[in-house]
Each structure stands twice: as structure tokens, then as C-alpha cells.
Amino acid sequence: MNRDRTKTAAVVNENDRLLGVVNRHKFFEIPEEYRKTVKLDSVMIKDPFFAYMTDSLHNALVRLSSNELQEMPVLSNEDNKVLGIVTISDLVKLYDKEVEKIMKIRKDNGHILLSAADELDSSDANRNQNTKKQ
């Protein structure tokens, strides 16, 4: 947890399947003299919220935020193995990138539409000038 700077650690079995999660704050609730002897089973959340790798960004954000979580495990769809931990910060950054992409596409498409409209306007103006000359 210190190395990865996470607040949540996934507890897995020998096949890397999720058994539960342990929140960092739980360790600090245990008196220091007992920390080396306490089993994870006694402090872990045994039915945690999680996301699948193919879940939408929206669903993952909703799952975290509606449950007042900061992090949750991400599982493989094929075999339910734990792939990692996703944070709400990760999801917000990804959301921002996706919004930027959409805005760029809209801006680019808007520019194309404006260019096409300008071309139509100029051809109409040329046509009107040619009509006046006749």
C-alpha cells in the first residue's frame, strides 16, 4: 500500500481471485503490538465493490461515488482475476481525457461544417454577382 500509494489492497486467493479488500485505515485501528499477528481475514471487507475491465467509465464512476469509495479492484471478465486497483482520481482523469476528445471532434466537425457553409456562401455570392452582370 505504501509503495503503490493506495488506500485499498485486494486480498486474493492462490488463483488471484478476489476474496476481499483491506482498507489502509483498518491497519491503524489495530494497536501496533498486535499488527503482526492479526489475520487479514479479520479486517477485510469480504464482499467488496469491484469493476470489470469492460465496465463503462460511467458505471465505474457511479459505483465508486455512490458508495463513497475512493478505490476498488478491477477484475478480468474472463476469469475474475484481480488486475489492479482503480481510483476515483484515475477515473476522473480518464473522463477528462474523453471529454477533451469529444470536444476536439465537435470543434473539428464544426470547423468543417463552417468551412462548407462558407464555400456555399461564397459560391452563392459569385452566382449573385454573375446574375447581376447579365
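Biologist: Which backbone nitrogen does the side chain of glutamate 71 reach at 2.8 Å?
Modeller: In this predicted model, the side chain of glutamate 71 comes to 2.8 Å from the backbone nitrogen of lysine 7. The backbone nitrogen of threonine 8 also takes part, lying 2.6 Å from a polar atom of that glutamate side chain.

Biologist: And where is glutamate 71 found, in terms of strands?
Modeller: Glutamate 71 belongs to strand S4, which covers residues 71-75. Leaving aside residues up to four places away in sequence, glutamate 71 touches several others, including Arg5, Leu64, Ile85 and Thr87.

Biologist: Is glutamate 71 buried or exposed?
Modeller: Glutamate 71 is buried, and yet it has no salt bridge. The nearest side chain of opposite charge is that of lysine 7, which is 6.2 Å away, whereas a salt bridge needs the nitrogen and the carboxyl oxygen within 4 Å of each other. What glutamate 71 does have at lysine 7 is the approach to the backbone nitrogen, at 2.8 Å.

Biologist: OK, salt bridges then. How many does the count come to?
Modeller: The count comes to four salt bridges. One of them joins aspartate 55 to arginine 63, with the closest N and O atoms 3.1 Å apart. Aspartate 55 is partly exposed, with a relative accessible area of 25%, and arginine 63 is also classed as partly exposed, at 24%.

Biologist: Which residue forms a salt bridge with lysine 46?
Modeller: That is aspartate 41, and the closest N and O atoms of this pair are 3.6 Å apart. Lysine 46 is exposed, with a relative accessible area of 52%, while aspartate 41 counts as partly exposed at 47%.

Biologist: What about lysine 101 and glutamate 98, where do they both lie?
Modeller: Both are in helix H4, which spans residues 88-133, and they sit three residues apart, which is about one turn of the helix. Lysine 101 is partly exposed at 48% relative accessible area, and glutamate 98 is partly exposed at 31%.

Biologist: Switching to rings, how many aromatic pairs does the count give?
Modeller: The count comes to one aromatic pair. It is made by phenylalanine 50 and tyrosine 52, whose ring centres are 5.3 Å apart.

Biologist: Why is that pair called edge-to-face?
Modeller: The planes of the two rings stand at 90 degrees, so the pair is edge-to-face, because that term applies to planes over 60 degrees apart. Phenylalanine 50 is partly exposed, at 27% relative accessibility, and tyrosine 52 is partly exposed as well, at 28%.

Biologist: Back to strands: in which sense do S1 and S2 pair?
Modeller: Strand S1, residues 8-12, and strand S2, residues 18-23, pair in the antiparallel sense over five bridges. In one of these bridges, alanine 10 has valine 21 of S2 as its partner. The two strands form a hairpin with five residues between them, and aspartate 16 in the turn has a positive phi of about 65 degrees.

Technical notes: Residues numbered from 1 in each chain as written. Predicted model: local features only at pLDDT ≥ 70, side-chain atom pairs only at ≥ 80, totals over all residues. Heavy atoms only, no water. Pairing = 2+ DSSP bridges. Helix = DSSP H or I, 4+ residues; strand = E, 2+ residues; numbered from the N terminus. Buried < 20%, exposed > 50% of the residue type's maximum accessible area, 1.4 Å probe, protein only. Lys, Arg positive; Asp, Glu negative; His and termini not counted. Polar contact = N/O pair within 3.5 Å; in protein donor to acceptor, adjacent residues only side chain to side chain. Contact = heavy atoms within 4.5 Å. Phe/Tyr/Trp six-rings, centres within 6.5 Å; stacked < 30°, edge-to-face > 60°.
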